[in-house]
Amino acid sequence: MTVCAIEPSADPGDSGTPKAGCSITAEGAYAARLARSGGSGEAWYPERWTLDGPEPYAVPLPGNQPEEPGTEVQPMGDGRVLVHRVAAGRHVFALLYPTGPGTGELPLGAVECPADTTGLRLLPPAPGGEQAYALATGPRSTVLWQVAGGAFGPERVAEIPGRCSGGVWLDRTGRMLAVDRETGGRTKAVVVDLERDGEVSPLLQIAPDSADRLLLADPDSGLVLIGSDAPSPGRERLGWGVLGSTLPVRFPECLRMPDCVVTPFAVQPGQVLTPERCGVALRVDGAFGSWVGVWRPAERQVRHLPPPDGWLTGAGLWTPDGELRLPCSTPRSPCGVARLVAPDVPGPEGAEGAGDAGDGRPENPEESPPDESGESGTADAPAPAQPRPVPLQQAPLARLVTK
C-alpha cells in the first residue's frame, strides 16, 4: 500500500494544513467565514454563523469596502468577529458586530512586523473566546501576539526561538499552547505556557532526527493526533497518542491512504477516561475532490463518507454524544449544518483490540519507557489538575504500526 502523505508546506510559517472553509469557536457556538456576494463584482465580506440555537443562521457583516480574499476572520465567544487585514505592510485588527441594518467596527490596533518576517497569521480560536492570538514568524524566532482581548490593543506575549507553525490548544483555559518549532532543520512540537511569560518546554520527540508535528488535541481525554516521519523517514504519517500516557505513539495502517492528503479537523470531546473511543473527523483530499473520514483509535478502519452538499471543507465539530456537525452552504440553503452520527465502537472488546500485538505497548505496563536521559520511572497517572502536559517525547519509537 502506498503512503498518503500529509504534505509539508514550503513556507515554515505555514502549518501545511489545508485551509478550512470557516473557523469555529472552541465551544462550538459561533463560526465565521469570508463569504462572497453575488452579482458581477462578487465582493468578499465577513459572515458570522450562530450554531448553538434551534437552527443555524448567518449574519452578514460587510464593512465600508470589500475585503481582500486573504483577509482572516475568526469568531469570538460573544458573537463578534475578529478580522485580520493587511494594509501597507501593517497587520490591522478589528472586531465586527451587527448594528441593525449595518455593521459596527471596533478597531483594535495594528502590528508592524520586521521586513524579514515571513508572515503573521491567526491561531485557532482560544478556549473561552475572549482572547485571540497570532504568530509572526521571522528567520530565527517567532513572536506570539495577543491581538484581541487585551487592555491596550495587540500585545506582544512571547518571543520563541525558532520558526513556528501550527498551533493547538491543550487545555480548556487557554493557558497551554502547542506549536511546531523548526530549529536546525528539524521540527518538534513544543508547549508555550502563557501564564509563565511564554515559557517553552518540549512536548513531542519521537526520534532525535524526526520531524514531529502536533495536528490536533482533545483537552478532555488527552488524545492527540500527530504527523511524523519517524516510521517512514522523509514521509510524514498520521499517528496518535495520549498526553501523560507511558504508551508510545502509534501509526495505524488504516490511516495510510493512496495518493491522498489526510487532515484531522475535529475530535469528540467528553471521553475523559477513554481516549481510544473518541471519534476523529478526517478531511481526505484526493484526485477527485474532498470527503469526510471518521475513525476511532479503538478501530482498525476509517469510515469514508461523501461530503454533504456545500460543505465548508475541513470545518466541523463533534458533540460529546458522538454527532459530527458539518457547516454547509448552498444556493438553496446558505446556512446549514449536516449532522452525521458515526457508529460507536462495539464495546470494551473494541478498545482492547487496539492494543494487541504490534501496537507498541511496553511489556511491563507498570514501568514507563526510558526518557531522553535513558532513565526509567514509574507510570503514575497525572493528577487531573496538573498544569503542564507530560511530554510525549517519553513515548519511544517501538513497534509503532497497528493494523
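Me: How many bridges join S5 to strand S6?
Reply: Four bridges join them. Strand S6 covers residues 81-87, and the two strands run antiparallel. Keep in mind that this is a predicted model.

Me: Which residue in S6 stands opposite Gln74?
Reply: Leu82 does.

Me: What sheet do four strands form, and in what order?
Reply: An open sheet, in the order S5-S6-S7-S8. The pairing is antiparallel.

Me: Which are the edge strands?
Reply: Strand S5 (72-75) and strand S8 (102-112). Each pairs on one side only. From one strand to the next, the twist averages 25°.

Me: What holds strands of a sheet together as pairs?
Reply: Backbone hydrogen bonds, in either a parallel or an antiparallel arrangement.

Me: Zooming out. How many strands are in the protein chain?
Reply: There are 26 strands, along with one helix.

Me: What share of the residues is buried?
Reply: 53% of the 403 residues count as buried. The accessible surface of the chain is about 18,400 Å². Carbon and sulfur atoms account for 51% of that surface.

Me: Changing topic. What is the mean pLDDT of the chain?
Reply: The mean is 83. 80% of the residues reach 70 or more.

Me: Where does pLDDT stay under 50?
Reply: Over residues 1-13, for one. The model has 43 contacts beyond four places in sequence for that stretch. Residues 396-403 are also below 50. This stretch has 32 contacts beyond near neighbours in sequence.

Me: What should I do with coordinates where pLDDT is low?
Reply: Such predicted coordinates should not be read in detail.

Key
Residues numbered from 1 in each chain as written. Predicted model: local features only at pLDDT ≥ 70, side-chain atom pairs only at ≥ 80, totals over all residues. Heavy atoms only, no water. Buried < 20%, exposed > 50% of the residue type's maximum accessible area, 1.4 Å probe, protein only. Areas by Shrake-Rupley, 256 points an atom, 1.4 Å probe, with all protein chains shown as cover. Pairing = 2+ DSSP bridges. Axes fitted to C-alpha atoms, helices over the stretch in contact; angles between N-to-C directions. pLDDT = per-residue confidence, 0-100. Contact = heavy atoms within 4.5 Å.
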